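Here is a briefing on how two chains pair. Look at the model first, then read on.

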Protein chains: 2
Amino acid sequence: MGNITIKDVAKESGVSTASISRVLNESGYVSNETKARVLAAVKKLNYQPNAIARSLKQDKTNTIGVVVPDIANPYFMKIAKAIEDTVSNSGYNLIFCSFDEDSEKERELLTVMYEKRVDAIVLATSGESEDIVASAGIPIVLLDRKMEIESQQLDYVIEDNIQAAYGLTKTLLEQGHRQIGVVNGSLKVSTGWERYEGYKQAMQEYRLKEDLQFAYQGNFAQQDGCLAVDYFLSLDKKPTAILSFNNTMSFGVILELRRRGYNIPEDMVVASYGEVEAAQLLDNPQIIYVKQEPYEMGLKVGKIIMHRLQKRKKIIQETFIPQIHLYGSR
Amino acid sequence: MGNITIKDVAKESGVSTASISRVLNESGYVSNETKARVLAAVKKLNYQPNAIARSLKQDKTNTIGVVVPDIANPYFMKIAKAIEDTVSNSGYNLIFCSFDEDSEKERELLTVMYEKRVDAIVLATSGESEDIVASAGIPIVLLDRKMEIESQQLDYVIEDNIQAAYGLTKTLLEQGHRQIGVVNGSLKVSTGWERYEGYKQAMQEYRLKEDLQFAYQGNFAQQDGCLAVDYFLSLDKKPTAILSFNNTMSFGVILELRRRGYNIPEDMVVASYGEVEAAQLLDNPQIIYVKQEPYEMGLKVGKIIMHRLQKRKKIIQETFIPQIHLYGSR
């Protein structure tokens, strides 16, 4: 009987755990009817809210800020869903901002989040806001993208981009491709330069030099993928494969190839860092891709935040190693 | 020379208009170097910030809350982009919350937004938060979905859902379809019941009755579209066309049909309320769809917010009439 949890109260009352937290912490709006149902269930089950959970509430606003470069990217939204699934049990809500890969705007939005007194921030950085992050005064967990700050260590959950991009490139080389068109994200962002670095390492292993004519400089947006295809197909010597370094650019690549009547992989092989769900619509598909694990990454981020809000001090830095999925082998 | 605007200052200084606003209003973070560049440009051009813009800043937090049911839906994100393009010139930033079509969570998130002291809210409601909306104390603009409140009129920007869904259904009837599988959104939400109403009106015109066996009750999510296909294909008498009442459910319908090897439109005709960009990947595609205008709707919402923040009193209610796009005629 001592192990009654908030989930039992939720089951008994038919009210969400987040609302129950609000009732028990007397914070935020809950309708009178819901309140009555929660209190009846608490009484019936003789539920004792746990002391750690209660101590978290002092001086807290129960909100976590999520600052990302592209709020429409399903990768970030799957991560956010997992964070929410982890923290909502403790009564936290997420608020989001999107800086569209604009570093000046990222700086502004971090300040907005501080002004809104969020309890913690999850940040996928453009890589140019070290000073603002260093002066935060609240926990910041870096997501997907690294940042170096001299004075302090930060929690992060990232991927081994070099390793995964190396593997993806090597897959193309093993298939015999020597003219590989690369669609880069911003090289100022850790995921951008690390993925390009992985590509260069694989090329070196095959004693091939990076060919700058085959590198298109994008910025992680769908439109960059479309423009990269425009560019590659305008070359006299066209690539036989396109290697795109994030999911939204890859979607642009695939869309533009299809608009021009190219079949994938017969007419052009496509390799993507990140899954493109819509690629399942292709006839006899397939693209080669690095399978990311956004939901699992988000669960980890959520746990780190809860750990931090409980004032624990140990820094947690987690690196996921995504796997290559081999579709489209010929 | 009297017509120098903030955009001229942006051009001269190479700094975004949002940051210039922050400098001039002494609100939020701007680096010293940026500040110096802005002030030099202001001096050089003899720029006089406009009085209305300055009056807006008193007691303001320069943030607008956007509360939507599904932050990953490109429809809402295109609207948000347009709102941002409209209000960022005046120094406003957007913060987002997503309630996943859960009305209790919508109520919580509206309260979070009030606590964060946003200056105005844009809300795509689940339809069950009238009391919270009525007590807001700040401007609320309804987006996409209506809500009736006895005591007050609200600004809104919506679509004529009945008219558009009627047209979409009639297109299928004119093509000879009599067994039409309908994928509904929640009938508690205005867009859900209005679209179903449009379908029923077209059926009545053809002296056909709604067949409840052919109505699948979803809730606007991709997964609902997949499950609807599961259901329709399990029937002895299968539909010849599937009519799906939002873009994300339609994407689920198309994905699931392709996974099962169905060609569209040869094996199954698909009609969608809302555009599915990925449908361009289909071989010899096509789906019939209601073309929404999210960007234009967002521009309108942005203008209404600015109007409201300037304390103007006139209520603005705008209804867009989306057009039917006829792909897949046979």
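Which side chain of chain B meets E84(A) in a salt bridge? It is K105(B), at 2.6 Å, N to O. A salt bridge here is a side-chain nitrogen of Lys or Arg within 4 Å of a carboxyl oxygen of Asp or Glu.

This is a predicted model, where local features need pLDDT of at least 70, side-chain atom pairs count only at pLDDT 80 or more, and totals for chains, interfaces and linings use all residues. Residues are numbered from 1 along each chain as its sequence is written, chains are lettered from A in the order written, and side-chain values use heavy atoms, without hydrogens and water.

**Interface extent**
- 47 residues of chain B contact 48 residues of chain A (heavy atoms within 4.5 Å).
- The copies meet through the same surface, because 100% of the interface residues of chain B are also interface residues in chain A.
- About 4000 Å² is buried between the chains, with 52% from carbon and sulfur atoms (accessible area, 1.4 Å probe, lost on being put together, summed over both).

**Salt bridges**
- The rule finds two salt bridges across the interface of chain B and chain A.
- E84(A) to K105(B) is a salt bridge.

Notes: Buried area is the accessible area (1.4 Å probe) that two parts lose on being put together, summed over both.
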